[in-house]
Amino acid sequence: PNIPGYRVSGSNTPARIISGDYFDYVDLPGNRSGIVIADVTGKGVPAGLLMAMCRSILRLTALAAVSPSEVLALVNRHLFPDVREDMFVSLVYVVIDNGIGNLRMARAGHDAPLMFRSGIGRVETIKPPGLALGIDEGDVFERVTKDLDLHMESGDCLLLYTDGVCEAVNKADDEFGADRLETEFLKSAPMGAEAIVDSIRQAVSSFVGNQPQMDDITLIAIEKR
């Protein structure tokens, strides 16, 4: 997407023909932009159908509320009646104030995003509280899921990803893991959003080798210019 003051790069590699992961970019009123990454339990057609429903509902509700957590609360209430007991959706929704470096994030039970701080050359784990979509009808979800405000300086990078990255396994049945992900992110972040996504994809592929991909792999890198 063309977001003033940012560069954004995203990638989805499905484990099957239809992915249960998704990522999306939403134009919002008030000179804002929305970025979302999500993962449905399971794979194939059932996961893809639920994700398509989630995407449609989120795109509508994103225009009706300013707060990311309020948007997710509306999505959860609309989605809950159609979610099977053995399924749920984890999701991160980020709203960006175009150009100025301010972000607001809500996390619905998803893997915690990583933030590279260029000024100190370190990676932080970002953990706003939240419950996955489709588990609770609404009251508990809305009590638990909260917004987190962040600010990005020039050169900072935010990484969103699904669990298929860390859970990728090699022939020794070892997982790629959070430590390898953080190391690769730290190494590639100074080179920008596209380099982050390419570098992590290549690192996972090299680690896994000829082993079959067991889960969908999705990445979004957000770089502040």
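The legends below describe views of a predicted model of one protein chain.

**Figure 1. Overall fold of the protein chain.** The chain contains six helices and ten strands. Its C-alpha trace extends about 40 × 40 × 25 Å along the principal axes. A compact globule of 225 residues would have a radius of gyration near 17 Å, and the chain, at 17 Å, therefore agrees with that expectation. Of the 225 residues, 52% count as buried. Among contacts between residues at least 6 apart in sequence, 70% link residues at least 24 apart. The accessible surface amounts to about 10,300 Å², and carbon and sulfur atoms contribute 50% of that area.

**Figure 2. A nonpolar patch on the surface.** Ile 17, Ile 18, Val 45 and Leu 49 make up this patch, and together they have about 430 Å² of accessible area. Ile 17 belongs to the loop that joins β1 (6–13) and β2 (21–28). Ile 17 is classed as exposed because its relative accessibility is 86%, where exposed means over 50%.

**Figure 3. Asn 31 in the loop between β2 and β3 (32–40).** Most residues other than glycine have a negative phi. Asn 31, however, has a positive phi, near 55 degrees. With a relative accessible area of 51%, Asn 31 is exposed.

**Figure 4. Asp 173 in the loop between α4 (163–166) and α5 (177–188).** Asp 173 is a residue other than glycine with a positive phi, in this case near 65 degrees. Its relative accessibility is 59%, so Asp 173 counts as exposed.

Technical notes:
Residues numbered from 1 in each chain as written. Predicted model: local features only at pLDDT ≥ 70, side-chain atom pairs only at ≥ 80, totals over all residues. Heavy atoms only, no water. Patch = residues over 30% accessible without salt bridge, like charges linked within 9 Å, V, L, I, M, F, W, Y side chains within 5 Å. Areas by Shrake-Rupley, 256 points an atom, 1.4 Å probe, with all protein chains shown as cover. Salt bridge = Lys/Arg side-chain N within 4 Å of Asp/Glu carboxyl O. Helix = DSSP H or I, 4+ residues; strand = E, 2+ residues; numbered from the N terminus. Buried < 20%, exposed > 50% of the residue type's maximum accessible area, 1.4 Å probe, protein only. Rg over C-alpha atoms; globule rule 2.2 N^0.38 Å. Contact = heavy atoms within 4.5 Å.
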